[in-house]
Amino acid sequence: MSDTHNSQNAHGDHGFETVAIHAGNTADPLTGAVVPPIYQVSTYKQDGVGGLRGGYEYSRSANPTRTALEENLAALEGGRRGLAFASGLAAEDCLLRTLLSPGDHVVIPNDAYGGTFRLFAKVVSRWGVEWSVADTSDPASVRAALTPKTKVIWVETPSNPLLGITDIAAVAQVARDAGARLVVDNTFASPYLQQPLALGADVVVHSLTKYMGGHSDVVGGALIVADPALGDELAYHQNAMGAVAGPMDAWLVLRGIKTLPVRMDRHSENATKVADMLSRHARVTRVLYPGLPEHPGHEIAAKQMKAFGGMVSFQVEGGEKAAVAVCDRAKLFTLGESLGGVESLIEHPGRMTHASVAGSALEVPADLVRLSVGIESADDLLADLQQALG
């Protein structure tokens with residue numbers, strides 16, 4: 001894979017692993033605690049009327065634990081500002097209401113998280129924002145979907161659940177030519193594997209619930225931007241709308257991020273072994289994993305990612321009934337929604353995470369199974385999948 005993803009390019013003299021542990025994590029000035037305290041507080045004593053102590057007045061506007069996380073997120077993505085939200089969809093909602101007005105247009109991918117599609121199709125569209133679908137793995141398809149009113153191009157790479165790859169730099173050029181902003185959902189990759197801002201994106205979106213938290217014990221979201229002025233606009237809307245990360249949630253994500261590099265290395269290693277096994281299994285008709293040389297986005301993924309991540313999808317012979325049966329027979333892979341935790345999960349996207357896209361241009365194959373490959377023993381994971389496939 002390309003050496004252009006050297007974390008020092010975005011983080012000065014320190015490597016990514018060092019930044020993950022130390023950015024935003026200054027020792028507590030009162031006690032010297034090496035971990036930022038959980039400031040479980042709603043309001044703050046002011047030094048006279050209008051005299052904010054350290055910039056804090058009310059925890060919807062700012063909280064020291066959340067500030068620590070936001071500084072960490074900005075450093076990891078090489079951005080100028082990070083903002084932490086109550087969920088990934090809360091972050092997306094704030095972003096869209098900040099960037100868009102009635103009559104504006106958005107290009108969305110033909111493969112995306114079902115909740116993101118629902119936000120566009122059922123919520124944002126109700127106040128006059130239009131959207132079109134494009135195959136974002138093809139920059140020409142994105143360009144063809146543009147209109148004079150396009151303000152945002154939305155990308156997931158790798159995508160959910162079909163693991164499609166978009167050339168971020170190429171689509172960033174399309175966005176610049178059109179005067180639109182490029183938003184990249186970096187949830188599947190994490191900033192350890194991929195840094196979209198360095199490739200020309202304007203905004204990075206994360207569901208912090210997934211790999212950033214990493215332990216299936218917190219829900220959160222984030223926006224990281226390259227433009228400080230846009231960061232100020234987003235912060236205004238975040239405060240005005242209020243969907244902020246609570247201090248305990250911010251603390252849990254900050255703790256999870258400290259081990260992000262070592263977890264992502266293991267996720268990627270295990271997923272590669274799982275994809276290799278599945279590609280040789282007689283009952284599997286197709287494996288979707290960008291680490292496989294036959295994946296159509298393999299070369300681009302190798303160029304813009306450090307490794308290929310922990311998500312693997314595959315299709316099985318026998319259709320929907322067979323795919324559901326595989327999910328039901330799995331034992332070590334837990335049947336459940338979400339992804340990115342240390343434990344392995346299995347799901348049927350058509351009936352679970354992507355039920356909201358049924359009947360749309362984003363509808364997923366009925367015979368598709370999605371895996372979030374954890375950091376358990378790879379041999380145990382392979383054995384469980386083999387018995388589940390029968």
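**Chatting through a predicted model**

Student: Let's start with Phe117: buried or exposed?
Tutor: Phe117 is buried, since its relative accessible area is 7% and the cut-off for buried is under 20%. Keep in mind that this is a predicted model.

Student: OK. How many aromatic pairs does a search of the whole structure find?
Tutor: Five aromatic pairs turn up in the whole structure. One of them is Phe117 with Trp131: the ring centres are 5.6 Å apart and the planes sit at 80°, so the pair is edge-to-face.

Student: Where do Phe117 and Trp131 lie?
Tutor: Phe117 is in helix α4 (residues 114-123), while Trp131 is in strand β3 (residues 130-134), so the pair ties together parts that are 14 residues apart in sequence.

Student: And how does Trp131 count for accessibility?
Tutor: Trp131 comes out at 29% relative accessibility, so it counts as partly exposed.

Student: Switching topic. How many disulfides does the search find?
Tutor: Zero, across the whole structure. A disulfide would be a covalent bond between the sulfur atoms of two cysteines.

Student: What about Cys94, buried or exposed?
Tutor: Cys94 is at 3% relative accessibility, so it counts as buried. Cys327 is buried too, with 3% relative accessibility.

Student: What's in the lining by class?
Tutor: Ten of the lining residues are polar, seven are nonpolar and six are charged.

Student: What joins Asn160 and Pro161?
Tutor: Asn160 and Pro161 are joined by a cis peptide bond, with omega about 15°. Pro161 is in the loop between β4 and α6.

Student: Why point those bonds out?
Tutor: Because most peptide bonds are trans, and most residues other than glycine have a negative phi.

Student: On phi, then: what is the phi of Leu163?
Tutor: Leu163 has a positive phi of about 55°, even though it is not a glycine. Leu163 also belongs to the loop between β4 and α6, and at 1% relative accessibility it counts as buried.

Student: And what phi does Ser190 have?
Tutor: Ser190 isn't a glycine, but its phi is positive, at about 75°. Ser190 lies in helix α7 (residues 190-193). Its relative accessible area is 1%, so Ser190 is buried.

Student: Last topic, strand β1. How many of its five residues are buried?
Tutor: Four, so strand β1 (residues 81-85) is mostly covered.

Student: Which strand do bridges join β1 to?
Tutor: Strand β7 (residues 221-225), through five bridges, and β1 and β7 run antiparallel.

Student: Which residue stands opposite Arg81?
Tutor: Val225 in β7 stands opposite Arg81.

Note on methods. Residues are numbered from 1 along each chain as its sequence is written. This is a predicted model: local features need pLDDT of at least 70, side-chain atom pairs count only at pLDDT 80 or more; totals for chains, interfaces and linings use all residues. Side-chain values use heavy atoms; hydrogens and water are left out. A disulfide is a pair of cysteine sulfur atoms within 2.5 Å. Buried means under 20% relative accessible area, exposed over 50%, partly exposed in between (1.4 Å probe, protein chains only). Rings of Phe, Tyr and Trp (its six-membered ring) pair if their centres lie within 6.5 Å; planes under 30 degrees apart count as stacked, over 60 as edge-to-face and the rest as tilted. Helices (H or I, at least four residues) and strands (E, at least two) are DSSP runs, numbered from the N terminus. Ala, Val, Leu, Ile, Met, Phe, Trp, Tyr, Cys and Pro count as nonpolar, Asp, Glu, Lys and Arg as charged, and the others, Gly among them, as polar. Two strands pair if DSSP finds at least two bridges between them.
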